[in-house]
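Here's a quick tour of the model on your screen.

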Amino acid sequence: MHKAQTFLTHNALPQRDARYVMEKIKQIVTWRPHCNVMDIGCGTGNVTHDVLLPILPESTNSIIGVDKSTEFVQYANEKYGDKIVFEQMDIVNCQIPGSNYEEHFDHIFSFYCLHFVGEQDLALRNIYRLLKPGGDFFFTCCVRCNGFEAVTILAETEKWKPSVSDFHKYLCPYQFSSDPKNVLERMLLETGFKVLQLSIEPRDTMLPIEFVSGFVLSHSPMELPKDFPSACVDVLRGWNDVHTKEDNKEFVCMRYQMIFGHVAKL
């Protein structure tokens, strides 16, 4: 459970942005009575429990959190399993043994998960398949992130290439696009979704440098060498993205663009 504990300890940024987005969702969502709800990429379950669950209507029939990591799902069930069902699932293959969720969900949510899905077309088709007709999908993902850019540069170096050369397989195809919103919108429409809202905005956060290692290692979709985060910091330092505050503490400025989407199954 070490990675799950580390993930939770360093989950303030995703939780902050999930709360920010939830305020948007509360203004536009129309809850279906007795709805079935899914949270894709639930991680350790804290966002599902602390941010999503409180806004669901009392008539909600079920809420299921899914994640690719068996360890995260186990932790989530131990911590929050009295109110939410957590199951291991990779949205790309979308198989849960013994379960049939075809056209089962009225509302699906995903916070900061899709940017780690290289096979975006398969993921979107599976999400479409899981929704009932007329059901909707709310999501956020991160693109054009300076942290991802640093990893990409290191992946081309002789030292780090053997360890992280496959990292691009985990990134969405519009991660470094000059027009990620347009690329994503086209993919959503080709999948069959009706795009109700799709916006992109710049975001940033100052991450204490002593938190960088835990954040990177616990949130990465692949296993990384323990000294890899410090190499990322060196790249970011070269871009002037490491700052010293008045108390001489160093912070890494994480810069990214957040996509917020609301789409519906026709």
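## Ground rules and N36

Contact here means heavy atoms within 4.5 Å. Keep in mind that this is a predicted model.

With that in hand, take a look at N36, which sits in strand 1 (residues 36-40). Setting aside neighbours within four places in sequence, N36 is in contact with N61, S62, H104, F105, D106, H107 and K132. Is N36 buried or exposed? N36 is buried, since its relative accessible area is 5% and the cut-off for buried is under 20%.

## Helix 8 and its hidden side

Next up is helix 8, a run of 12 residues (180-191). From first C-alpha to last, helix 8 reaches 17 Å, close to the 16 Å expected at 1.5 Å a residue. Its buried residues are P180, V183, L184, M187, L188 and T191. They span an arc of only 135 degrees around the axis, so they end up on the same side of helix 8. The general rule behind such patterns: an α-helix has 3.6 residues a turn, so residues three or four places apart point the same way.

What do the buried residues of helix 8 pack against? Their partners are helix 5 (120-130), strand 5 (131-143), strand 6 (193-208) and strand 8 (250-265). Just after helix 8 comes G192, with a positive phi of about 120 degrees.

## Helix 6

Helix 6 covers residues 146-154, and its buried residues are N146, G147, F148, A150, V151 and L154. These buried residues pack against strand 5, helix 7 (161-164), helix 10 and strand 8.

The largest nonpolar core has 52 residues, and the ones touching the most other members are I25, L52, F111 and F228. Helix 10 (residues 228-238) supplies the largest share of this core, 6 residues. Zoom in on F228: not counting residues up to four places away in sequence, F228 touches V151, L154, W160 and V164. Two of these, V151 and L154, are among the buried residues of helix 6.

There's also a second, separate core, this one of 33 residues, including L130, F139, C141 and F193.

Finally, find the second largest pocket, which holds about 200 Å³ of space. Its lining is made of H2, K3, T6, G214, L217, S218, M222, E223, L224 and K226. Which elements give two or more residues to that lining? Those are helix 1 (2-9) and helix 9 (209-219).

Conventions: Residues are numbered from 1 along each chain as its sequence is written. This is a predicted model: local features need pLDDT of at least 70, side-chain atom pairs count only at pLDDT 80 or more; totals for chains, interfaces and linings use all residues. Side-chain values use heavy atoms; hydrogens and water are left out. Helices (H or I, at least four residues) and strands (E, at least two) are DSSP runs, numbered from the N terminus. The expected span of a helix is 1.5 Å times one less than its number of residues. Buried means under 20% relative accessible area, exposed over 50%, partly exposed in between (1.4 Å probe, protein chains only). The arc is that of the directions from the helix axis to the C-beta atoms. A nonpolar core is a set of buried Ala, Val, Leu, Ile, Met, Phe, Trp, Tyr and Cys residues joined through side-chain atoms within 4.5 Å. On a 1 Å grid over the protein atoms alone, a cavity is a set of points where a 1.4 Å probe fits but cannot get out, and a pocket is an open set with protein on both sides within 12 Å along at least five of seven lines; lining residues have an atom within 4 Å of a point. Grid points are joined across faces, edges and corners, and a volume is the space filled by probe spheres set on the points.
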